[in-house]
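The sequence and structure come first, and my notes follow.

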Amino acid sequence: MHDMNAQLADMGLNLAVEEIQLFTIGNGRPANRILQQPFRWVPNDARRAAQDDDLTYLIDLSDGGTASGLSAAQTAAVLDNSMTTWDTQPNCADKLDIVKRADTGADPDIFDSFFPPFPPFDNPFLADIVNAGRLPRAFFGAVTGAPDNVLAFSVTFIFTDANGPTDINGDNYLDTALNEVYFNDTFGTPGEPRAGNPWGISINLPGFDVETVGTHEFGHSFGEGHFGPPPTAVMNPVYAGIRLNLFPTDNAAYCANYGSWPNP
Ligand SMILES: [Zn+2]
């Protein structure tokens, strides 16, 4: 991560990777009580070309299909459902509007470009939150060291300047710049160790449900950390079957982040 941040600085980008959150299978860390993160989005932040008080997201369709046979259109549709789940969150959702941006074909994500042979990015500010799609086992091995146990991960970048991380609105949180979500396509790939655990839609274990994982990952995109179990939450760090609806702790974390967000 240090090397990557040095390279970002060399490129003249005032960005740094702040955190990578893994969503795993099997045994996770119990009682992992990190509900809030040390970074938050800044409303109207000109550095990320903010769309007023909204947060924007984009689904990169170029890596949207799965080895298990889902098309990019199918995965995008359920990931839209995941976003809608947060956008219609019952307590504080009226404070924040979540707006989808179309995939223009430009490469919108930074993180994979540091892992050859993935190509350089075009523009990291096409949207605040980017679902980068499905990447192969080798990529997950290089990033996590556990390519057969990590379903997906979220990468959060913060803004920096010559003095280090910034807090331009004085809220005592670092300023989130970008969030990228990557899915592991080794699940369901014939001939690989997780061939018997395919990605699917409304699929039960031993398969993995795209919308459930999307809802978890987008929770990180909104600044939520892992929590529990107990209690049961979308933000539990280990996959435990289909979970399409938010639990009380998920709602509480969201309200903590957005209860004071400007109401447009
Ligand atoms: Zn997670």
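Which residues are buried in α2? I found T75, A76, V78, L79, S82, M83, T85 and W86 buried there, where buried means under 20% relative accessible area, exposed over 50% and partly exposed in between, with a 1.4 Å probe and protein chains only. Helices (H or I, at least four residues) and strands (E, at least two) are DSSP runs, numbered from the N terminus.

Before going further I noted the ground rules: this is a predicted model, in which local features need pLDDT of at least 70 and side-chain atom pairs count only at pLDDT 80 or more, while totals for chains, interfaces and linings use all residues. Residues are numbered from 1 along each chain as its sequence is written, and side-chain values use heavy atoms, with hydrogens and water left out.

I then asked what covers the buried residues of α2, and the list includes β3, β4 (98-101), β5 (129-135), β8, α4 and α5. The helix has 16 residues and reaches 22 Å from its first C-alpha to its last, close to the 22 Å expected at 1.5 Å a residue, the expected span being 1.5 Å times one less than the number of residues.

The largest nonpolar core has 35 residues, and W86, L151 and F222 have the most contacts inside it; such a core is a set of buried Ala, Val, Leu, Ile, Met, Phe, Trp, Tyr and Cys residues joined through side-chain atoms within 4.5 Å. At least two residues of this core come from each of β3 (55-59), α2 (72-87), β6 (150-161), β8 (174-184), α4 (210-221) and α5 (248-258), and the largest share, five residues, comes from α2. Apart from this core lies another, of 21 residues, among them L15, F115, F121 and F139.

For L151 I listed the contacts (heavy atoms within 4.5 Å) beyond its neighbours within four places in sequence, and they include F23, I25, F140, Y182, W199, V213 and Y239.

Is α4 enclosed or open? Twelve of its twelve residues are buried, so α4 is largely enclosed by the rest of the structure. Its end C-alpha atoms are 16 Å apart, which agrees with the 16 Å that twelve residues should span at 1.5 Å a residue. Just after α4, G223 takes a positive phi of about 95°.

I looked up the zinc ion next, and its protein donors are H216 (NE2), H220 (NE2) and H226 (NE2), lying 2.0 Å from the ion. Donors are N, O and S atoms within 2.8 Å of the metal (3.2 Å for Na, K and Ca), and water is not among the atoms, so sites may look incomplete. The spacing of the donor residues in sequence is H-x3-H-x5-H. H216 and H220 are among the buried residues of α4, and both H220 and H226 are buried.

**F157 in strand β6**

F157 lies in strand β6 and counts as buried, at 0% relative accessibility. Although F157 and L178 are 21 residues apart in sequence, they are 5.1 Å apart in space, C-alpha to C-alpha. Not counting residues up to four places away in sequence, F157 touches, among others, L8, V17, I110, F111 and L178.

**Whole protein**

Among contacts between residues at least 6 apart in sequence, 70% join residues at least 24 apart.
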